[in-house]
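Biologist: I would like to go through this model with you. For each label, tell me what it rests on.

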Amino acid sequence: MKDIMQFIPDELARLKEEGLYTNIKTLESPQGAWVTIDGKKKLNFCSNNYLGLANHPEIRKAAKEAIDKYGVGPGAVRTIAGTMSLHKELEEKLARFKKVEATMVVQSGFTANLSVIPALVGKGDIIYSDELNHASIIDGCRLSRAEIKVYKHNDMDSLEELLKADKDLDCRKLIVTDGVFSMDGDIAPLDKIVELGEKYGAMTMVDDAHGEGVLGEGGRGIVDHFGLHGRCDVEVGTFSKALGVMGGCIAGKKELIEYLNQKARPFLFSSALTVPDTAAVSKAVDLLMESEELVQRLWDNGKYFKAEMQKLGFDTGKSETPITPVMIGDAKVATEFSKRLFDEDIFATKIGYPTVPKGKARIRVMISAAHSKEDLDFALEKFAKVGKEMGLIK
Ligand SMILES: *Cc1c(COP(=O)(O)O)cnc(C)c1O
């Protein structure tokens, strides 16, 4: 008889054969500028811990104190008995931080997208989605059962063409985009997107996962960066990147949040963010509101590293943020480069197809405020050494 589970080993073998299999590395230390992998210290260029908050002493302390006061688990979904004063305090604080009327906290950035999109549009409606949008946006769009129209990456002519063709259709329309695209580090032209939304009667939504804590005044995000307060209808964020913890956020008008409190399925059917997570995020927001120092250090580090890499002769792509892609092209060369850097104690991943187009493989360097100048100089020396050995630079 045929083994009905045979497709599993078959698929695993195919992934390995085609070089698409991910070997998952395990960290034996806290997340930081340096991490321990297989008992050895590696300079960490892989994490989204932009501000170094993932192991911040004040945030650790806030989480511990909250556990002593409120326990660990929320015990229920937000709408039944899972909403604690910690959640409400965080939501109010986030609204002040982001200068919006209201916010809603959910379990992750991924669930934030699954929460919002199907609540705003459904069958018979239309979504306009950037071709490079994050998987969680794509999944949220699919769950909504609205028609999905994909526009060319950051291409406003492509978006307007689609909107114009539909201008007489009487249905709900939603334009959705990542704020910062994490593979290239480029920024969505949200000002133009909002203008097009206003012109054609479409709602606008941005997922600012990589802009939160990075863009705008003191890390207030992409809406602040473009001064679009009150004009972009929905802002989604995550606490798992610059804020160093876990959890997701939706920000906008009071009525939108009240509506999502009644409609968003991950809010209604999946339990609340845990006590230590909630308290930790709250402390992270306090730190951002107190000082812009970390955000400034992140940008200084990014600018320094990018400029020095360019001096060495590397192509750092079209990044407008501290994310530094090192463009290689061939996937096998990029894999080899990443391996040899790892042997030199630099942990920087290769990003290849299908995450980026074929022939556009790269090493992606995630710069953090946690990196010291010595860390960056150490990395530059290793990039230069391996790059020369491999004939990638002169
Ligand atoms: C990382 C990321 C998410 C997921 O956030 P989590 O809080 O880790 O679930 C969602 N959207 C974008 C654009 C991201 O980069």
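Biologist: Where is serine 182 found?

Modeller: In the loop between strand S7 (180-181) and strand S8 (186-187). Keep in mind that the model is predicted.

Biologist: Why is serine 182 called buried?

Modeller: The relative accessible area of serine 182 is 12%. Buried means under 20%. Serine 182 therefore counts as buried.

Biologist: Which residues does serine 182 touch, leaving out those up to four places away in sequence?

Modeller: His210, Ile323 and Arg364. Contact here means heavy atoms within 4.5 Å.

Biologist: Take isoleucine 323. Where does isoleucine 323 lie, and is isoleucine 323 buried or exposed?

Modeller: Isoleucine 323 lies in strand S12. Its relative accessible area is 1%. The cut-off for buried is under 20%, so isoleucine 323 is buried.

Biologist: What does isoleucine 323 touch, not counting residues up to four places away in sequence?

Modeller: Ser182 is one of the contacts, and others include Tyr50, Val180, Gly185 and His210. Lys306, Arg364, Val365 and Met366 are also touched by isoleucine 323.

Biologist: How far is isoleucine 323 from valine 105?

Modeller: They are 218 residues apart in sequence. In space the C-alpha atoms are 26 Å apart.

Biologist: On to the rings. How many aromatic pairs are there?

Modeller: The count comes to seven.

Biologist: What makes the pair of phenylalanine 314 and phenylalanine 337 stacked?

Modeller: The centres are 6.1 Å apart, with 20° between the planes. Rings pair if their centres lie within 6.5 Å, and planes under 30 degrees apart count as stacked. The pair passes on both counts and is stacked.

Biologist: Why do you say that this pair ties together parts that are apart in sequence?

Modeller: Phenylalanine 314 lies in the loop between helix H13 (293-312) and strand S12 (323-329). Phenylalanine 337 lies in helix H14 (residues 331-343). The pair therefore joins parts 23 residues apart in sequence.

Biologist: How do you know that phenylalanine 314 and phenylalanine 337 are buried?

Modeller: Phenylalanine 314 has 8% relative accessibility, and phenylalanine 337 has a relative accessible area of 0%. Buried means under 20%. So phenylalanine 314 is buried, and so is phenylalanine 337.

Biologist: What makes phenylalanine 342 and phenylalanine 347 an edge-to-face pair?

Modeller: The angle between the planes is 75°. Over 60 counts as edge-to-face. The centres are 5.8 Å apart, against a limit of 6.5 Å. Phenylalanine 342 and phenylalanine 347 are both buried.

Biologist: Which residues form the aromatic cluster?

Modeller: Phe45, Phe305, Phe314, Phe337 and Phe383 form one cluster.

Biologist: How do you know that the charged end of lysine 16 sits over the ring of tyrosine 21?

Modeller: The charged end of lysine 16 is 4.6 Å from the ring centre of tyrosine 21. The limit is 6 Å, and the charge must also be within 35 degrees of the ring normal. Lysine 358 lies over the face of tyrosine 353, at 4.4 Å from the ring centre.

Biologist: What is the peptide bond from tyrosine 353 to proline 354?

Modeller: That bond is cis, with omega near 5°. Proline 354 lies in the loop between S14 and S15.

Biologist: Why is arginine 145 called exposed?

Modeller: Its relative accessible area is 62%. Exposed means over 50%, so arginine 145 is exposed. Aspartate 345 also has a positive phi, near 70°. Aspartate 345 sits in the loop between H14 and S13.

Biologist: What volume does the largest pocket have, and which residues are closest to its centre?

Modeller: The volume is about 1,500 Å³. Of 41 lining residues, Tyr21, Thr22, Thr349, Lys350 and Ile351 are the closest to the centre. H14 gives the largest share of the lining, seven residues.

Note on methods: Residues numbered from 1 in each chain as written. Predicted model: local features only at pLDDT ≥ 70, side-chain atom pairs only at ≥ 80, totals over all residues. Heavy atoms only, no water. Phe/Tyr/Trp six-rings, centres within 6.5 Å; stacked < 30°, edge-to-face > 60°. Helix = DSSP H or I, 4+ residues; strand = E, 2+ residues; numbered from the N terminus. Buried < 20%, exposed > 50% of the residue type's maximum accessible area, 1.4 Å probe, protein only. 1 Å grid on protein atoms, 1.4 Å probe; cavity = no way out; pocket = protein on both sides within 12 Å on 5 of 7 lines; lining within 4 Å. Points joined across faces, edges and corners; volume = space filled by probe spheres on them.
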